[in-house]
Amino acid sequence: MQFGVTHAHAVKFGPLDIATGSFLELLDGTRGLPLLREEARTLDLSDHQVDTLVSRLAGAGLIDDVRAAGPETDVLRNRPGALDRHRPDLASLSVVHPEPGGGMRRLAARRAMRVQVRGAGRVGAAIAAVLSGSGVGRVEVLDGGHTEPWDVSPGGLPPTAVGERRDTAARQLVRRSAAGAAPRAAETAGSPGGGEPGLSLIVVAPRDGLSVYAPDPRSAESWIASGTPHLYAGVMEATGIVGPLVLPGGTACAGCLALERAARDEDWTRILSQWRSGRRTAVQACDLGLATAVAGLAAAHALSFLDGELPASTGTRWEAALPLLDWRPERMGPHLECSCGAAGHTVRERSSGADARQETMAG
Ligand SMILES: [Zn+2]
């Protein structure tokens, strides 16, 4: 019997006889183990057969048990309305993290996290809304000035925000997008005094796409120094960009990128300063569909990272240009001369994601 559909996540389990097949139908979350054993007897399955089957199913990642998630998930279960909003997210987390309680535990963990989104344009505001709607407890948006009509997007700032301060409008958007009330200070991890928890991630999504295409190493210095992971996302000249996700000291940073480009192209510094001086007058070439796709993909990469994985944007930039929109990866190598020190490290691939991340952060 195959559970699931897709190549990435379907699981085959077997062989199964008719009695075992009927027993599987009893596993709908309404029966505990004692009742399962009792009803299985009418199918001529012994207690031993039931226990063996259940442990094999659990081993294959096919059984979930929300009560296995631990007391930290109580706050979610006590808010049935909010939990209903998150049901598809929870189902998705359970597919990716199939151990009993794995999905519930991660959804609860998101609630204690603090993420900063830098930029409240078409891309940044939508990323902040998606992160908030996905259960991230604290989403801060930083931007200056007032909302312009061209900042408005269906997933981001609403038309009514035009003329309002961007940071105020974004804060309201984040609150509206959340499935329930924001967590109280006592609920957030890493804050024994009840203060703000540290930043789990910064998403750099400026309205000016050039700052993503050619990120300024100086603006990343304090994030590198504090070891704060950061993810770049934006649209530059009808080209969508997601990545790289920078793990300070572990993968290539903005400084590595700048050094690499300058080494490859002796005119790079001159051209870049021309772009920077010329950009203020021009309206950004930022297609709404592409901006929304970039926001969605960047938010998904951010969530995957927050859930403990190393998504494909780790040390890699993904680009898709209109009109064909085929996403292409460009691996960003750490530069030996960069002070971030990433060139001395290599991050292992996804199969051992969580371990690799810890190793990287420790390094
Ligand atoms: Zn670097």
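Modeller: Happy to! Buried means under 20% relative accessible area, exposed over 50%, and partly exposed in between, using a 1.4 Å probe and protein chains only. This is a predicted model, where local features need pLDDT of at least 70 and side-chain atom pairs count only at pLDDT 80 or more, while totals for chains, interfaces and linings use all residues. Residues are numbered from 1 along each chain as its sequence is written, and side-chain values use heavy atoms, with hydrogens and water left out.

Colleague: Is Ser153 buried or exposed?

Modeller: Ser153 sits in the loop between β4 and α9; strands (E, at least two residues) and helices (H or I, at least four) are DSSP runs numbered from the N terminus. Beyond its neighbours within four places in sequence, Ser153 contacts Arg122 and Leu288, where contact means heavy atoms within 4.5 Å. Its relative accessible area is 6%, so Ser153 is buried.

Colleague: What is the relative accessible area of Leu157?

Modeller: Leu157 also belongs to the loop between β4 and α9. Not counting residues up to four places away in sequence, Leu157 touches several residues, including Ala120, Thr147 and Leu173. Leu157 is therefore buried, and its relative accessible area is 0%.

Colleague: How are α8 and α9 oriented to each other?

Modeller: The axes of α8 (residues 122-133) and α9 (residues 166-177) come within 7 Å and cross at roughly 30 degrees. Axes are lines fitted to C-alpha atoms, for helices over the stretch in contact, and angles run from 0 to 180 degrees between N-to-C directions. Angles under 35 degrees count as roughly parallel, over 145 as roughly antiparallel, 65 to 115 as roughly perpendicular and the rest as oblique. The two helices α8 and α9 are therefore roughly parallel.

Colleague: Which residues of α9 make the contact with α8?

Modeller: On the α8 side, the contact is made by Ala125, Ala128, Ala129, Ser132 and Gly133. The α9 side contributes Leu173, Val174 and Ser177.

Colleague: And how is α1 placed against α3?

Modeller: The axes of α1 (residues 18-26) and α3 (residues 47-59) come within 12 Å and cross at roughly 65 degrees. That angle makes α1 and α3 roughly perpendicular.

Colleague: Which residue in β4 stands opposite Arg118?

Modeller: β3 and β4 (residues 138-142) pair in the parallel sense over 5 bridges; pairing requires at least two DSSP bridges between two strands. Of the 5 residues in β3 (residues 114-118), 4 are buried. Opposite Arg118 stands Leu142.
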